[in-house]
Amino acid sequence: MPDKPTVAIGLLSGCFGCLMSLLDMADDLPDFLDKVELRRTPFNDVKEIEEVNIGILEGAVSTDENLELVKEMREKSEILISLGACSCFGGIPGLRNFHDSTVLKESIYANKVPDDELPALLDKVIPASQVVKVDVEIPGCPPTSKTIKDALYSLLDGKKPDRYKKNLCVECPRTKQKILTPQRGFLAEGVRSVMELDSIDPNTCFLEQGVLCMGIATAAGCAARCTRNNIPCRGCNGPVPGVASQGNKAIDTLASLIPPGALMFFEDCVGMGYRYTAAYDTTLKVENK
Ligand code: SF4
Ligand code: SF4
Ligand code: SF4
């Protein structure tokens, strides 16, 4: 890596939130910008991609144009980073894989925009890592500025940042006792709604109070920022590395914790377990990968 590495950013189908989080490095941003040469960003609107030391991808691969861009970014980048849940796992855009893309397009644009003015949608959304080799993954929706900063600075120091290999519960400060003891049926009243949070103890594990929390099947790395703020984890860090299916892992774990049958009556198992990984999860057998 040269003293002042060159950087290019490629935007796929995302919401710009990950780049906002990068900009949110605030006091550290001028220092970072001093250490690198930004060659292509959505802010300078450079279209061409030249060869760079670090390529950063935000968003999922959802259109023909995204597919071309992700391949070109791979060719031109010495180190390619997937920034955010969309780029790492397909993220929220991946939820469209449960629907027919033509029907979706019609329902959203309702023939108000001529077809040739719309991006050519792929049948399915694909995470960047299932199209090309990605060297570094920085998950999260969006990743925190600190997570981004730590990963980028460790790259500048010549070290490859690693993802956390433990789940979120190790970072979560809520007291937990019952989930650590194998037993069945301890949640006698079954699954509760997040809407009941007013009556939920902010210091005790959500699951032990009957509120579904994806911390059990989600990689650590965000310092449990949601559960610390009385919001159950939704799983945006994706699965622990090596686990193919975050949703299956969550359902397996819940099946050993909650009363038999409780999950049967839970309306949104898919939204809970696969919210960020529907496009990534090979056990869901989505096509076009
Ligand atoms: S990961 Fe989240 S914040 Fe980042 S582009 Fe996707 S939806 Fe936006
Ligand atoms: S299940 Fe959720 S609330 Fe309970 S310890 Fe894990 S992350 Fe914290
Ligand atoms: S607590 Fe869960 S949903 Fe919240 S930022 Fe961390 S991984 Fe994402």
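I count a residue as near a molecule if one of its heavy atoms lies within 4 Å of it. Before the entries, two housekeeping notes. This is a predicted model, where local features need pLDDT of at least 70 and side-chain atom pairs pLDDT 80 or more, while totals for chains, interfaces and linings use all residues. Residues are numbered from 1 along each chain as its sequence is written, chains are lettered from A and ligands numbered from 1 in the order written, and side-chain values use heavy atoms, with hydrogens and water left out.

For the classes, Ala, Val, Leu, Ile, Met, Phe, Trp, Tyr, Cys and Pro are nonpolar, Asp, Glu, Lys and Arg charged, and the others, Gly among them, polar. Within this shell I also checked R174, which lies over the face of F206 at 3.8 Å from the ring centre. The rule there wants NZ of Lys or CZ of Arg within 6 Å of the ring centre and within 35 degrees of the ring normal.

**Ligand 3**

Around ligand 3 I found L168, T218, C222, R225, C226, C233, R234, G235, C236 and N237. That shell divides into five nonpolar, three polar and two charged residues.

**Ligand 1**

For ligand 1 my list reads G14, C15, G17, C18, E58, G84, A85, C86, G140, C141 and P142. By class I have six nonpolar, four polar and one charged. Helices α1 and α4 each supply at least two residues of this shell; helices are DSSP runs (H or I, at least four residues), strands likewise (E, at least two), numbered from the N terminus.

**Aromatic pairs**

I paired rings of Phe, Tyr and Trp (its six-membered ring) with centres within 6.5 Å, calling planes under 30 degrees apart stacked, over 60 edge-to-face and the rest tilted. That gave me three aromatic pairs. One of them is F16 with F43, edge-to-face at 5.9 Å centre to centre and 80 degrees between the planes. F16 sits in the loop between β1 (6-11) and α1 (17-23) and F43 in the loop between β2 (37-40) and β3 (52-58), so the pair ties together parts 27 residues apart in sequence. F16 is partly exposed at 28% relative accessible area, and F43 is partly exposed at 47%. My cut-offs: buried is under 20%, exposed over 50%, partly exposed in between (1.4 Å probe, protein chains only).
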